[in-house]
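Have a look at the chains first, and then read on.

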Amino acid sequence: MTATSSTAAGPTGLGNARIGVVTFPGTLDDRDTQRAIRLAGGEAVELWHRDKDLKQVDAVVLAGGFSYGDYLRAGAISRFSPVMEMIIEGARQGLPVLGICNGFQILTESHLLPGAMLRNNHLHFICRDQRLRVENADTAWTNSYEAGQEISIPLKNIDGRYVADERTLDELEAEGRVAFRYLGMNPNGSLRDIAGITNAAGNVVGLMPHPEHAVEPLIGTGRTDGLGFFTSVLKQLVSA
Amino acid sequence: MARVVVDVMLKPEILDPQGQAVHRALPRLGFEGIADVRQGKRFELEVEGPLDDAALARIHEMAETFLANTVIEDFTVRVDS
Amino acid sequence: MTLDTVKHAEQTPDAEQPWAELGLKPDEYARIREILGRRPTGAELAMYSVMWSEHCSYKSSKVHLRQFGEKAPANDAMLVGIGENAGVVDVGQGYAVTFKVESHNHPSYVEPYQGAATGVGGIVRDILAMGARPVAVVDPLRFGAADHPDTKRVLPGVVAGIGGYGNCLGLPNIGGEVVFDACYQGNPLVNAGCIGVMKHEDIHLAKASGAGNKVILYGARTGGDGIGGVSVLASETFDDAKPAKRPAVQVGDPFQEKLLIECTLEIFAEKLVAGIQDLGGAGLSCATSELASAGSGGMRVELDTVPLRDSSLSPEEILMSESQERMCAIVEPDKADRFLEICEKWDVIATVIGEVTDGSQLEIFWHGEQIVDVPPRSVAHDGPVYERPYARPEWQDALQADDAAKLPRPATGDGLRAQVLQLVSSPNQASKAWVTDQYDRFVQGNTVLAQPEDSGMVRIDPDTNLGVAIATDGNGRYAKLDPYTGAQLALAESYRNVAATGARPLAVSDCLNFGSPEDPAVMWQFAEATRGLADGCLALGTPVTGGNVSLYNQTGDTAIHPTPVVAVLGVIDDVSRRTPVAFAEEGQLIYLLGDTKEELGGSAWSQVVHGHLGGLPPKVDLEREKLLAEILISASRDGMVDAAHDLSDGGLIQALAESCLRGGKGARIVVPDGLDPFVFLFSESAGRAIVAVPRSEEVRFNDMCGARGLPAARIGVIDGTDITVQDQFTLPLAELREAHESTIPSLLT
């Protein structure tokens with residue numbers, strides 16, 4: 001069973017959309033992400049790093065954390081897990097994939113997204129409420145937002161400095177693939193204030209800040225600006 | 001058992017704040033005359049069996065695909081005698 | 001070297017043994033010989049020496065700690081009390097919460113990053129071993145003077161270690177303290193607390209019973225970490241002349257710990273363990289002897305089956321090793337396969353190292369030869385108990401007579417304004433965001449409140465909104481002036497902080513940080529503080545569920561201020577009713593609750609402006625604290641206040657500044673009739689809080705305070721972008737913010 005066939009089957013309603021959340025050894029935000037998916041109206045499906053099938057999910061989230069302790073490089077070991085082979089293949093055929101924080105690092109290590117993440121320029125872990133601008137509202141994970149919309153969601157990492165060579169950066173800018181940019185203080189030295197990017201097809205999106213921590217008015221920063229990521233993909237799956 | 005050393009360094013154009021932090025600390029500690037510091041990783045591989053060209057080629061491939069991220073890092077492979 | 005077997009020990013009764021080097025006293029060694037009826041083997045000597053150390057046996061503090069049990073208030077919520085890894089309280093809806101605060105002081109001075117990191121790891125395993133999922137951590141920290149060069153080494157390392165380890169475990173860091181005082185130079189206090197949640201039926205205890213049950217060691221391999229760390233590192237005064245007394249501290253692997261947590265929770269969920277114990281100080285010596293002692297007594301361990309990181313370790317070293325991220329479980333034979341299978345799923349190494357026997361001895365073998373044959377209780381619980389002499393120090397009277405009331409005070413509004421800025425920008429009163437922003441406070445998606453709120457609060461049931469709150473407080477300056485009152489002030493502040501957020505205080509854990517118990521003055525401080533805390537807990541109805549004692553925090557003859565740190569746990573039925581500190585709505589009325597007297601002894605003002613410590617600390621009125629808490633909780637539940645902030649060090653002006661800065665709104669304040677403006681702003685009288693009352697609730701709120709007899713004075717209104725104290729001064733928020741927020745970054749970067 002490949003991921004593409006289940007995407008093609010498509011959900012018949014929001015509640016039927018199955019979104020997989022991968023747990024690697026050391027993943028931390030998997031349960032939070034599952035809750036965010038349920039709050040958005042989807043069905044959250046647990047995926048384990050050793051799984052060799054994707055349980056017919058319609059989309060996948062690689063959640064934050066420190067998979068394999070961030071040893072070697074953040075995301076470098078997870079990238080070679082069995083479940084990632086399936087996800088990489090699915091992503092190339094249109095499966096919506098969102099990488100949050102460590103998940104973004106795994107996506108760049110997998111070369112599904114260009115560039116890499118390095119140690120923050122100030123060398124500290126930083127946890128703060130971060131303002132962002134949604135630069136591209138046409139991806140599978142951002143279509144609930146307006147282009148140019150400002151949102152505020154938590155940022156928490158130590159390896160969050162996005163780097164890529166100038167040519168790649170220019171290409172990303174020209175193709176509208178910078179999905180999110182930091183507003184106010186650049187929290188980690190990311191080039192061109194890049195907080196997140198998308199692939200050309202718009203199905204694979206990665207960002208360092210954590211939308212799943214901004215989905216309930218009572219919890220965390222008290223804002224729900226992150227819920228749109230999850231409603232976006234559900235909308236996309238319904239209309240697909 | 002033969003030992004192969006893989007050194008992984010950030011590419012010269014990539015900012016290395018850890019190296020810079022070390023560099024800034026040197027004068028404070030009384031170490032003068034160091035123009036720059038860059039920090040990298042060293043892997044020591046204990047190789048089973050003969051260390052022939054095929055084995056070295058495998059190690060090179062390992063370094064390129066796994067030990068280093070060639071988007072940001074360069075690496076060197078050498079046999080430790 | 002020949003193996004020192006039990007048989008060999010019997011044959012060589014007069015062999016020289018290094019008991020003194022291992023920290024044992026002559027009478028302690030004699031007692032071991034008496035228990036065994038022969039000389040101990042090397043392995044036995046290692047076990048007794050670590051288990052009978054101050055750190056593990058509480059031999060100096062035990063006689064005083066008994067009060068926490070003897071004076072414990074009747075409390076139906078207490079499910080597991082003192083003596084287990086951590087106490088457990090009932091928080092309703094079938095949930096139980098376990099929490100504890102521990103010290104990792106000495107290791108954090110030697111190696112700040114790893115010392116602090118492994119402190120977090122240790123307390124988290126304690127909580128896990130009770131059967132609970134850890135849900136939050138807190139870190140009360142104390143360092144030397146903020147501008148001392150060594151603070152620049154210790155503090156960033158400690159903070160990075162706590163963050164590096166805790167963030168990697170996925171535990172939100174929701175509270176704690178950062179305090180600077182020259183008395184902690186060379187003896188920083190790194191206390192770490194953790195809260196865990198479980199259902200009542202999931203409580204697990206550390207005991208080994210049922211002959212034939214397997215003893216399974218799982219987690220990291222055993223290496224040479226911190227060997228003798230317990231006896232030497234945690235129980236002796238640092239002495240610069242003897243660097244050999246500072247062995248390498250343990251190195252933590254948070255990734256391994258995260259796997260251990262998830263693996264253990266899955267094992268609990270399938271009900272696979274009969275007893276469980278984490279490996280912390282004293283490693284396998286502690287785990288095997290405590291498990292066996294709490295069970296039927298008999299246990300047989302094949303020590304050579306322990307997976308090693310360093311194959312050259314001797315049996316004594318394996319028994320003493322403090323390698324991190326290890327647990328020991330007692331498992332029925334027919335469940336062992338499934339247990340090992342779950343460990344394999346999580347890539348956790350697990351090994352059957354022995355089994356429970358129907359005997360009464362703990363027997364340990366090394367390649368078939370017996371090297372330990374001891375009654376486990378004699379190792380784990382029958383350590384020496386000392387009635388250390390104590391005496392009120394002769395300098396205490398002079399210290400208390402040196403009244404802070406005589407210190408010069410500002411005479412004008414401009415003078416007050418200048419000292420307000422001096423206060424809020426001083427290291428102790430300044431914003432600690434530089435520290436707390438290095439901790440993940442959002443992970444797990446249940447954080448309702450985190451620092452700098454009065455207490456940290458997490459939701460434990462997303463369906464019902466049930467939550468728990470925790471605050472930790474301590475004030476060594478108060479305790480130095482009067483240890484009995486100082487301990488009660490720490491308790492009262494922590495209790496008040498929990499109530500200020502709307503939660504009902506339920507139970508207490510403590511971390512008692514003191515100097516050398518061999519100094520009668522220190523022992524008096526300890527005796528007074530424990531008496532004060534036990535009396536205070538009885539009066540407030542909040543039992544001590546467990547805690548930790550850290551002694552020998554001194555350099556040469558100079559001890560730290562006596563520093564009892566008190567954690568209060570509270571419960572809130574609906575976290576949507578929580579009260580934050582931020583003054584966010586213009587037009588809301590600011591009320592001061594409680595009585596303000598002229599109380600400046602040990603105050604932040606006396607320290608910041610005059611570098612003074614003397615007089616008496618503020619008086620404690622625990623009945624008033626209870627009343628204040630009831631009002632704060634009722635007001636939160638019934639929506640009568642939108643913000644609340646407890647008053648403690650720095651007095652009213654400090655609390656007001658924090659509430660205004662947090663909400664981004666100013667305030668117009670009027671000094672109440674009959675109060676001196678200076679006393680109004682800077683006094684540290686206990687039992688007080690400020691609250692923001694919506695105008696629509698004013699009558700109801702006033703009626704409630706009046707009916708219950710709590711003084712409540714309307715002192716102003718939330719308004720504009722300045723803090724204005726009428727007839728005295730005006731302070732723009734921007735200027736206040738700059739003063740408050742720039743201090744710590746400029747000191748540490």
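## Where chain A meets chain B

Eleven residues of chain A are in contact with nine residues of chain B, contact meaning that the C-beta atoms of two residues, placed from the backbone, lie within 7 Å. On the chain A side, five of these residues are nonpolar, three polar and three charged. Here Ala, Val, Leu, Ile, Met, Phe, Trp, Tyr, Cys and Pro count as nonpolar, Asp, Glu, Lys and Arg as charged, and the others, Gly among them, as polar.

This is a predicted model, in which local features need pLDDT of at least 70 and side-chain atom pairs count only at pLDDT 80 or more, while totals for chains, interfaces and linings use all residues. Residues are numbered from 1 along each chain as its sequence is written, and chains are lettered from A and ligands numbered from 1 in the order in which they are written.

## Where chain A meets chain C

Here the contact takes 24 residues from chain A and 25 residues from chain C. Strand 6 of chain A gives the most to the chain A side, with three residues. By class, that side has eleven nonpolar, seven polar and six charged residues.

## Chain A as a whole

Chain A has six helices and eleven strands; these are DSSP runs numbered from the N terminus, helices being H or I of at least four residues and strands E of at least two. The C-alpha atoms of chain A fill a box of roughly 45 × 35 × 35 Å along the principal axes.
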